[in-house]
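Visitor: I am new to this structure. Please take me through some of the terms used for it and the values behind them.

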Amino acid sequence: MRTRFAFHISRLLLLAASAGLVLAGCGGSGQGEPPLSPVAALGKKAFHDPTLSASGQVSCASCHAPEAGHAAPNARAVQPGGAAMDREGLRSSPSLRYLAGNGSFHFDADDTPTGGFFWDGRAASLAEQAGAPLLNPLEMANADKAAVVASMTRAAWAGEFKAVYGQDILDQVDLAFDKLTQSLQQFQLEDAAFHAYSSKYDAVLERRAVLTQQEARGLALFNDPDKGNCAGCHPSDKAADGSHPLFTDFTYDNLGVPRNGELRANADPSYFDLGLCGRADLADRTDLCGAFKVPSLRNVALRQSYFHNGRFKTLKDALTFYVQRDTHPEKWYPRAGDGTVMKFDDLPAPWHGNVNTAEAPYDRRPGDAPALSDAEIDDVIAFLRTLTDGWRGD
């Protein structure tokens, strides 16, 4: 079994740095929290402002809605965008929560890819991640940074931006754009909603609540390396310092997720989203083709689409795919003309060997019993629902 690491040391350093920013900025903005710093308050306004898009209809919150755990607010595989709102992105919108402990992309001592932002880790920080959609022609679709700054000069908060960064800031395009992305980053670091730790499971870890019998069974299956084996990539235990788990180790995995015909890009049979090896700097790492970021499972029950391509719409379907991918491949993949099941159809054949088939629950063959029964899948889902923020008590 391939070993996974939580990288607690680097995470602690990053959390400490983030905590310093939060303290300097007077903390979060939730009920009972100190107000946001002026920089973070600007970031909040920009986050919710659709006038920063070329169409005037898309804000950061359009794809990262607070009510959806700062992920996509609907069941679309990808979100609409473009200057005329007639285009769409290539990947599903990941949650922005619990990213303060993440770091820039790197390979660990065992050559395991780790960290970075976006599904392929190409952004080195929350600020860099925030800037990319502004210039992506499929998303907010601004022609360049100057177009973004021109929109900022007309924003209702332009005066506040000048008050914080200087009266001539909007005359300096590159600097103004950088300050905008830094403000968006600071908002995500300070606002308690992005790292609330307010789920039922957090209350359980603090001994303020107990899991139901079904939830407890689900947690046991989640952790069992021979059953769900979910904790192999989504650690559920407290860190060595006592901090609550993020339910991701910030690594990457290749799950062989089926091709999603809902994506317009997939109408071209020669198009493949290759994940890590689709990055120019990793093009020669063909062993990483098809690998995508392991997301946090916090607030996963709020999602309406799952995986990088939004292929599945319910937790039940997503988990059933996990455990039946190899025992019942005909349920998930198309058949060729001769009746052969075309497994891993969203990855070119030369790289099918990259798909994770060594770890449970993927280490099965047709005819084997799945690692989890239908009832056990329901138990795991019951546990996953305890990871939703905003728990008020049963």
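Visitor: How do the axes of H9 and H11 come together, and at what angle do they cross?

Guide: This is a predicted model. In it, the axes of H9 and H11 come within 7 Å, with a crossing angle of roughly 100 degrees.

Visitor: Why are H9 and H11 called roughly perpendicular?

Guide: The term covers angles of 65 to 115 degrees. The crossing of H9 and H11 is at roughly 100 degrees, so the two helices are roughly perpendicular to each other.

Visitor: Which residues make the contact of H9 with H11?

Guide: From H9 come Gln214, Glu215, Arg217, Gly218, Leu219, Leu221 and Phe222. H11 supplies Glu376, Asp378, Asp379, Val380, Ala382, Phe383 and Leu384. By class, seven are nonpolar, two polar and five charged.

Visitor: Which residues of H11 are buried, and what covers them?

Guide: H11 spans residues 374–384, and its buried residues are Ile377, Asp379, Val380, Ile381, Ala382, Phe383 and Leu384. The cover over them includes H8 (200–205), H9 (213–223) and H10 (315–324).

Visitor: What makes threonine 212 partly exposed?

Guide: Threonine 212 has 36%, so the residue is partly exposed. Threonine 212 sits in the loop between H8 and H9. Its C-alpha atom is separated by 30 Å from that of glycine 310, and the two residues are 98 apart along the chain.

Visitor: How do H2 and H7 cross?

Guide: H2 (residues 38–47) and H7 (residues 173–190) have axes that come within 7 Å and cross at roughly 100 degrees. H2 is therefore roughly perpendicular to H7. Residues of H2 in the contact include Val39, Leu42 and Phe47, and those of H7 include Leu180, Leu184 and Phe187. The classes in this contact are eight nonpolar, four polar and two charged residues.

Visitor: Is aspartate 111 buried, partly exposed or exposed, and how do you know?

Guide: The relative accessibility of aspartate 111 is 39%, so this residue counts as partly exposed. Aspartate 111 belongs to the loop between E3 (106–107) and E4 (113–114). Its phi is near 70 degrees, a positive value in a residue other than glycine.

Visitor: Why is alanine 141 called buried?

Guide: Buried means under 20% relative accessible area. Alanine 141 has 14%, and therefore counts as buried. Alanine 141 is found in the loop between H4 and H5 (145–154). Alanine 141 also has a positive phi, near 65 degrees, in a residue other than glycine.

Visitor: What kind of peptide bond joins alanine 360 and proline 361?

Guide: The bond between alanine 360 and proline 361 is cis, with omega about 10 degrees. Proline 361 is in the loop between H10 and H11.

Visitor: How many residues line the largest pocket, and which lie nearest its centre?

Guide: The lining has 38 residues, and Phe118, Arg122, Pro133, Asn136 and Glu139 lie nearest the centre of the largest pocket. The pocket's volume is about 780 Å³. H3 (60–63), E1 (80–81), H4 (126–135) and H7 each give at least two residues to the lining. H4 contributes the most, with five.

Visitor: How do the lining residues of the largest pocket divide by class?

Guide: There are 20 nonpolar, 12 polar and six charged residues in the lining of the largest pocket.

Definitions and conventions:
Residues are numbered from 1 along each chain as its sequence is written. This is a predicted model: local features need pLDDT of at least 70, side-chain atom pairs count only at pLDDT 80 or more; totals for chains, interfaces and linings use all residues. Side-chain values use heavy atoms; hydrogens and water are left out. Axes are lines fitted to C-alpha atoms, for helices over the stretch in contact, and angles run from 0 to 180 degrees between N-to-C directions. Helices (H or I, at least four residues) and strands (E, at least two) are DSSP runs, numbered from the N terminus. Angles under 35 degrees count as roughly parallel, over 145 as roughly antiparallel, 65 to 115 as roughly perpendicular and the rest as oblique. Contact means heavy atoms within 4.5 Å. Ala, Val, Leu, Ile, Met, Phe, Trp, Tyr, Cys and Pro count as nonpolar, Asp, Glu, Lys and Arg as charged, and the others, Gly among them, as polar. On a 1 Å grid over the protein atoms alone, a cavity is a set of points where a 1.4 Å probe fits but cannot get out, and a pocket is an open set with protein on both sides within 12 Å along at least five of seven lines; lining residues have an atom within 4 Å of a point. Grid points are joined across faces, edges and corners, and a volume is the space filled by probe spheres set on the points. Buried means under 20% relative accessible area, exposed over 50%, partly exposed in between (1.4 Å probe, protein chains only).
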